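Take a walk through this structure with me. Have the sequence and the model side by side as we go.

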Amino acid sequence: MLKRPRRNRKSAAVRDLVQETTLTTNDLMYPLFLLEGQNKKVEVDSMPGIFRLSEDQMLKEVEECLNLGIKAFDIFPVVDEKHKDKEATKSYDPNFFYLKSLRRIKEAFPEACIMTDVAMDPYSTDGHDGLVEDGKILNDETLEILGAMALAQADTGIDIIGPSDMMDGRVEYIRDILDENDHEEVSIMSYTAKYASAFYGPFRDALDSAPKSGDKKTYQMNPANQREAIIEADLDEEEGADFLMVKPALAYLDVIKLLKDNYDLPIAAYNVSGEYSMIKAAAEKGWLDGEKAMLEAVLSIKRAGASVILSYFAKEIGIIAKNGSL
Ligand code: PBG
């Protein structure tokens with residue numbers, strides 16, 4: 001035999017030499033859930049190890065993560081039912097706890113990269129990402145609300161706006177509003193190919209944001225489609241997005257690769273709640289080695305082409321990195 005691929009696997013030292021992909025804490029963004037009030041830390045039942053945190057606890061969490069080398073955070077609000085309405089008005093009320101806390105978090109840690117989510121679902125009595133009328137999700141009317149939401153978030157000093165709503169035309173709409181208001185430096189990480197996925201279940205538990213009726217299939221993409229991701233990516237690129245995101249990640253590695261091969265913008269991937277909970281649940285049952293499965297799953301997202309990985313595993317990976325065993 002002339003060729004024996006096993007020669008390049010014969011020892012740890014040789015394997016390290018030929019390793020193609022390396023995961024580091026630089027690749028990771030940690031999604032966090034912000035609660036109203038003080039001194040609150042409430043675990044999400046379906047996401048063991050993930051907590052909803054009030055501002056004081058959130059500040060501690062961000063500090064701990066920064067010390068582990070995790071520097072980017074995607075902060076979502078947990079909105080009490082009493083604050084929700086049809087038009088998601090709290091989402092752009094500068095006195096709302098979420099926006100006030102974002103400002104304080106950013107002031108406390110100017111070196112941290114903070115992303116916020118633009119979509120109506122956490123603030124809406126309908127639990128949809130857009131405005132609902134007679135069971136339909138209105139696109140263009142929703143843009144006005146998303147624009148106001150994005151501007152209010154940018155006004156707090158955060159770094160990246162993450163439109164997760166999948167309305168048509170929202171990247172350009174938001175870019176224009178940001179630019180008109182002196183927020184040229186605020187980036188947009190577009191949820192470019194966001195699929196109508198069953199893997200968002202635990203996230204909706206965390207925020208209590210499940211749709212009250214119907215599903216999200218008229219705006220989120222059909223899991224059967226790959227070429228449609230190109231249509232979305234072309235638009236986001238033209239509309240001024242700074243990052244293109246694929247979501248979920250693990251069931252869509254082909255889509256990550258497709259965008260990586262066809263676009264020059266950085267590709268992000270969201271390793272979503274259900275992907276986290278599956279590994280945690282199996283590990284709790286002793287059915288697989290949770291730490292190894294986690295590292296393999298997240299590495300695979302990077303290997304597929306993502307340079308930014310949003311993952312609930314970020315902090316745990318940060319701890320492993322700190323111990324020198326990543
Ligand atoms: C809201 C939003 C969702 C997620 C991120 N932003 C849920 C949804 O679209 O229903 C899911 C994240 C996760 O599952 O971890 N538009």
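Predicted model: local features only at pLDDT ≥ 70, side-chain atom pairs only at ≥ 80, totals over all residues.

Start at Lys194, where a polar atom of the side chain lies 2.6 Å from an oxygen atom of the ligand.

The space that the ligand takes is the largest cavity.

Two further side chains reach a nitrogen atom of the ligand. Asp129 brings a polar side-chain atom to 2.9 Å from a ligand nitrogen. For Lys247, the distance from a polar side-chain atom to a ligand nitrogen is 3.4 Å.

Now look at the whole shell. It has 18 residues, and those that come nearest are Lys194, Arg204, Lys247, Ser273 and Tyr312. What is the shell made of: how many nonpolar, polar and charged residues? It divides into 8 nonpolar, 3 polar and 7 charged.

Stay with Lys247 for a moment. A cis peptide bond joins Lys247 to Pro248, with omega at about -10 degrees. Most peptide bonds are trans. Pro248 sits in the loop between strand S10 (243-247) and helix H8 (253-262).

Another backbone feature is found at Asp134. This residue is not a glycine, yet its phi is positive, at about 50 degrees. Most residues other than glycine have a negative phi. Where is Asp134 placed? It lies in the loop between strand S6 (131-133) and strand S7 (136-138).

Finally, turn to the charged pairs. The count of salt bridges comes to 17. One of them joins the side chains of Arg104 and Glu55, at 2.8 Å from N to O. This pair links distant parts of the chain, 49 residues apart. Arg104 belongs to helix H3 (residues 97-108), and Glu55 belongs to helix H2 (residues 55-67).

Note on methods:
Residues numbered from 1 in each chain as written. Heavy atoms only, no water. Near = heavy atom within 4 Å. Polar contact = N/O pair within 3.5 Å; in protein donor to acceptor, adjacent residues only side chain to side chain. 1 Å grid on protein atoms, 1.4 Å probe; cavity = no way out; pocket = protein on both sides within 12 Å on 5 of 7 lines; lining within 4 Å. Sits in = over half its atoms within 2 Å of the grid points. Nonpolar A, V, L, I, M, F, W, Y, C, P; charged D, E, K, R; others polar. Salt bridge = Lys/Arg side-chain N within 4 Å of Asp/Glu carboxyl O. Helix = DSSP H or I, 4+ residues; strand = E, 2+ residues; numbered from the N terminus.
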